[in-house]
Amino acid sequence: LVRRLAKEHHSAALQQLASRIAAVQKFGASAGEDPFAKVKAMISDMITRLQAEAGADATEKAYCDEQLDKTQTKKAELEHDVAKLTSKIDQASSKSLSLKEDVKQFQKELAALSRSQAEMDKIRYESHQAFVEAKAELEQGLEGVRKALSVLRDYYGSAAAAASMIQSSDAQPAQPEKHAKASGAGSSIIGMLEVVESDFSKSLAEIETAEDTAATEYEKTTKENQIERAMKEKDVEHKTRESAYLDKTSSELSTDRSSVQAELDAVVEYLKKIEEQCIAKAETFAERKRRREAEIAGLKEALTILENETALLQRHRSVAREHRHGLRGAMTLSA
């Protein structure tokens with residue numbers, strides 16, 4: 001039976017036990033020993049040994065289950081922490097990159113605004129200088145025309161008055177023909193100068209209006225540019241500061257992630273060893289448990305059979321002894 005159990009379960013220990021039992025059965029009786037008692041003791045010792053191994057396996061199984069559960073839970077927690085930190089790092093880096101792109105764009109716009117303002121300042125200066133020169137020329141020309149008109153008007157006005165006084169006297173003869181022609185020519189010159197005066201005045205008014213309009217538009221645009229520059233510079237300052245903060249945060253998170261990753265690597269390495277110890281075996285705990293239970297059950301069955309056979313043998317020996325005693329008594333009586 002023991003040999004059959006050893007063969008069924010491929011057990012070297014049971015095979016060795018079967019060999020020992022065979023040896024005891026073969027040589028025990030000749031040595032004066034009780035082979036059945038010796039075999040029963042050997043089987044009982046093997047049962048005790050297998051039960052102890054089963055208990056050790058159960059303890060190891062409980063240890064393995066506990067360590068695997070704790071380690072896998074810790075691994076999952078650390079993986080979650082690494083993923084969470086990675087997500088935060090990616091978000092911070094992405095936001096920082098976006099802010100830096102915004103800063104670059106604002107700096108380009110500020111540079112363009114500076115160029116535009118400088119060009120506008122140059123145009124305004126040149127335009128104002130041209131106005132000052134044109135105004136001076138027009139005012140000078142207007143002043144000259146007005147002086148000429150004043151002189152001509154005074155001259156021709158006094159001549160007309162004198163002629164009027166002479167013509168009002170009956171004793172005076174009529175004015176010469178050439179004086180009348182000279183008066184008409186004077187009126188024509190005055191009329192032309194008056195047109196020139198009007199043109200100068202109109203031109204002066206026009207360039208003054210244009211200058212006022214240009215100055216007002218320049219001041220308005222300059223003010224708008226100043227406001228826009230202040231806003232963009234404020235945005236650049238704010239975004240630069242926020243980007244620097246995000247870069248610092250990302251660096252700190254990266255350090256934290258490195259620490260967590262190192263811990264995770266250690267846990268993964270430990271889990272690998274535990275799995276090799278507890279899982280990666282040719283025979284699982286459940287298989288060993290079933291095999292040992294079958295071996296123990298078989299050995300107990302063998303022990304029971306031996307005990308029954310021993311009891312039967314003892315009864316046979318008792319009957320034989322009683323029979324021998326009876327024969328001896330009969331022979332004594334017959335003698």
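Modeller: Start with the order of elements. Along the sequence, the protein chain follows the pattern α-α-α-α-α. Keep in mind that this is a predicted model.

Biologist: How many helices and strands are there in the protein chain?

Modeller: There are five helices and zero strands. Helix H3 covers residues 35–167. Helix H4 covers residues 177–278.

Biologist: What share of the residues counts as buried?

Modeller: Burial is judged by relative accessible area, and the cut-off is under 20%. Of the 335 residues in the protein chain, 24% count as buried. The accessible surface comes to about 22600 Å². Carbon and sulfur atoms hold 55% of that surface.

Biologist: Where do I look for a nonpolar core?

Modeller: Look for buried nonpolar residues whose side chains join up. Here the largest nonpolar core has eight residues. They are Leu78, Val82, Leu85, Ile89, Leu253, Val260, Leu264 and Val267. Helices H3 and H4 are the elements that give two or more residues to this core.

Biologist: Which residues does Leu253 touch?

Modeller: Set aside residues up to four places away in sequence. Leu253 then touches Leu85, Lys88 and Ile89. Leu85 and Ile89 are also listed in the core.

Biologist: Let me try another leucine. Is Leu204 buried or exposed?

Modeller: Leu204 is buried, because its relative accessible area is 11% and the cut-off is under 20%. This residue lies in helix H4. Leave out its neighbours within four places in sequence, and its contacts are Lys135, Leu138, Glu139 and Leu142. Take Glu139 as one of them. Leu204 and Glu139 are 65 residues apart along the chain, yet their C-alpha atoms are separated by 7.5 Å.

Biologist: How many salt bridges does the structure hold?

Modeller: To find one, look for a side-chain nitrogen of Lys or Arg within 4 Å of a carboxyl oxygen of Asp or Glu. The structure holds 16 salt bridges. One of them joins Lys61 and Asp65, at 2.6 Å from N to O. Both residues lie in helix H3, four residues apart, about one turn of the helix. Lys61 counts as partly exposed at 30% relative accessibility. Asp65 is partly exposed too, at 35%.

Biologist: Which residue forms a salt bridge with Lys75?

Modeller: Glu79 does, with the closest N and O atoms 2.7 Å apart. Lys75 and Glu79 both lie in helix H3, four residues apart. Again, that spacing is about one turn of the helix. Lys75 is partly exposed at 23%, and Glu79 is partly exposed at 35%.

Biologist: What about Glu263 and Lys74: how far apart are their closest N and O atoms?

Modeller: Those atoms are 3.6 Å apart, and the two residues form a salt bridge. Glu263 lies in helix H4 and Lys74 in helix H3, so the pair ties together parts that are 189 residues apart in sequence. Glu263 is partly exposed at 35%, and Lys74 is partly exposed at 33%.

Biologist: Which residues are linked in a network of salt bridges?

Modeller: Glu109, Glu228 and Lys232 are linked in one.

Biologist: Last feature. How do I read aromatic rings?

Modeller: Check the distance between ring centres, then the angle between planes. The count here comes to one aromatic pair. The rings of Tyr155 and Tyr156 have their centres 4.9 Å apart and their planes at 80°, so the pair is edge-to-face. Planes over 60 degrees apart count that way. Tyr155 counts as exposed at 52% relative accessibility, because the cut-off is over 50%.

Notes. Residues numbered from 1 in each chain as written. Predicted model: local features only at pLDDT ≥ 70, side-chain atom pairs only at ≥ 80, totals over all residues. Heavy atoms only, no water. Buried < 20%, exposed > 50% of the residue type's maximum accessible area, 1.4 Å probe, protein only. Contact = heavy atoms within 4.5 Å. Phe/Tyr/Trp six-rings, centres within 6.5 Å; stacked < 30°, edge-to-face > 60°. Areas by Shrake-Rupley, 256 points an atom, 1.4 Å probe, with all protein chains shown as cover. Core = buried A, V, L, I, M, F, W, Y, C linked by side-chain atoms within 4.5 Å.
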